[in-house]
Amino acid sequence: MSVTDLLTLPLSVADPQMDALLARELARQRGTLDMVTSANPAPVSVLAAQGSALADNHGAGHPGERFGGGGEIAGEIEAIAVRRARDLFGAEHANVRPHSGGQANAAALAALLDPGDTVLGLDPAHGGHLTQGTPADFSGRPYNAVPYHVDARTHWVDMDEVADLAKTHRPKVVVAGWSAYTRHLDFAAFRTIADAVGARLLVDMTQFAGLVAARVHPSPVPHADVVTATTHRTLGGTRGGLLLSRAELAARVDAAVFPGTQGGGFHQAVAGKAVTFRLAAGVPFAVRQRRAVDGARIIAERLARTDVFRAGVRVLTGGTDVHLVLLDLRAYGAADGGVPLHGRDAEERLRRVGVTVDRGAVPFDPRPASVTSGLRIGTQALAARGFVAASFVSVADIVAEALLPGYDEHRERDLRERVAALVAEYPYHA
């Protein structure tokens, strides 16, 4: 084998073990109903951009201000991605460099805060994200992180508490955004609270950016100083992060990304983001996003009317406005003295029949994070496969029957067959 042969070997020859594992992963995706909330298949066009020759290009600095040569074409591509991101979301400024949503949040906080400043964000135990200002994460170490919560009865964000905490702690940044929450946030109300204490408003729309792009969710951009997002979850494209901001903050945001929190860019990922934004501006994408939201509502409403509700499974907040359904298992089995069911076992039951979901904590959860009392069910990947209303009804019934008391091998076998029929009807990357 010559040195140049190393550049041309197919993966099956260069690394048969990895080739086999990737084939297994594709088979898993094709053969299951993936309802993990962050799951969303990337289009072939995006995968092609990610696997392009740009993977060989390294260039630190901003477009037109590179450190080193060979970055001219990469700079053109980045400029296109920036323009498309601004147009898609109606933002004054965009930075497409962040490698992830977490790094986008790190840069946003670094741009808006000094060490020791206070940040007010949603408690992760109540649906917030670790990177939105929590002591367990980088976002709560250099900064003073103060959490707000959801109402104990409705499980909606308690805006009165947000206002009271803001007046008491005088944060420099108020964060609106969530990791596990099923209702629209009132961005105008958050803006009013931030203005009342002289704070900046940061909105993390990681979980609903695709809905915003498709105009099926209110946009935070007119209200926020800075908006962060990922480009893979609901945008369904390249895995990576995105920053949007007011023009007056552009220089601070860009400096917080480079050199503030990361070095050279992943130019192949930036190319994938450019393709992602172009696709997200089209009508087919908007149709898919509406289908994802409608599918989640169908599942939430269907579950609330089945026997699984009488068994103690509850839909948090009574429904959903987004692509996500949160199930609360704390009351499971309590009404008739039955055996309790926690999140880890419920996740495993569904995995065995071919439905992949996330277990997750619910607000005021008495169980540890490794077990939890909740399930998070997402509809993005199914909407991408082409699921329609009747198919989402079928999925809701499968989930309900998997969670009902009296679960046994006979029921498991029947549910596996029903999942297999849906998989065959809606092939993935056929």
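Arg 367 touches Leu 329, Arg 330, Pro 340, Leu 341, His 342, Thr 372 and Ser 373, leaving aside residues up to four places away in sequence. Contact here means heavy atoms within 4.5 Å. This is a predicted model, in which local features need pLDDT of at least 70 and side-chain atom pairs count only at pLDDT 80 or more, while totals for chains, interfaces and linings use all residues. Residues are numbered from 1 along each chain as its sequence is written, and side-chain values use heavy atoms, with hydrogens and water left out.

Arg 367 sits in the loop between β14 and β15. Helices (H or I, at least four residues) and strands (E, at least two) are DSSP runs, numbered from the N terminus. The C-alpha atoms of Arg 367 and His 342 are separated by 8.3 Å, though the two residues are 25 apart along the chain.

Buried means under 20% relative accessible area, exposed over 50%, and partly exposed in between (1.4 Å probe, protein chains only).

| Residue | Relative accessible area | Class |
|---|---|---|
| Leu 11 | 37% | partly exposed |
| Arg 367 | 23% | partly exposed |
| Gln 380 | 1% | buried |

Gln 380 belongs to helix α14 (residues 380–385). Beyond residues up to four places away in sequence, Gln 380 touches Ala 39, Asn 40, Leu 211, Arg 233, Thr 234, Gln 289, Ala 292 and His 323.

Leu 11 lies in helix α1 (residues 11–14). Together with Met 18, Leu 21 and Leu 22, Leu 11 makes a nonpolar surface patch of about 330 Å². Helix α2 (residues 16–31) gives the most to this patch, with three residues. Patches are made of residues with over 30% relative accessible area and no salt bridge; like charges are joined within 9 Å, nonpolar side chains (Val, Leu, Ile, Met, Phe, Trp, Tyr) within 5 Å. A salt bridge is a side-chain nitrogen of Lys or Arg within 4 Å of a carboxyl oxygen of Asp or Glu. Accessible areas come from the Shrake-Rupley method with a 1.4 Å probe; for residues, only the protein chains shown count as cover.

**The four-stranded sheet**

Four strands form an open, antiparallel sheet in the order β11-β12-β15-β14. β11 (314–315) and β14 (358–360) each have a single partner strand, so one side of each is left without a neighbour in the sheet. Two strands pair if DSSP finds at least two bridges between them. β11 and β12 (residues 324–328) pair over two bridges, in the antiparallel sense. Val 315 stands opposite Leu 327 in β12. Helix α13 (residues 343–353) lies across β14 and β15 (374–378), at about 40° to β15. Axes are lines fitted to C-alpha atoms, for helices over the stretch in contact, and angles run from 0 to 180 degrees between N-to-C directions.

**The seven-stranded sheet**

Another open sheet has seven strands, ordered β4-β10-β9-β8-β7-β5-β6, with mixed pairing. Its edge strands are β4 (93–95) and β6 (144–148), each pairing on one side only. The twist averages 20° from one strand to the next. β4 and β10 (residues 241–245) run antiparallel, joined by three bridges. Ala 94 has Leu 244 as its bridge partner in β10.

Helix α5 (residues 101–112) lies across β5 (118–122), β7 (173–177), β8 (200–204), β9 (226–230) and β10, at about 165° to β9. Helix α7 (residues 187–196) lies across β6, β7 and β8, at about 150° to β8.
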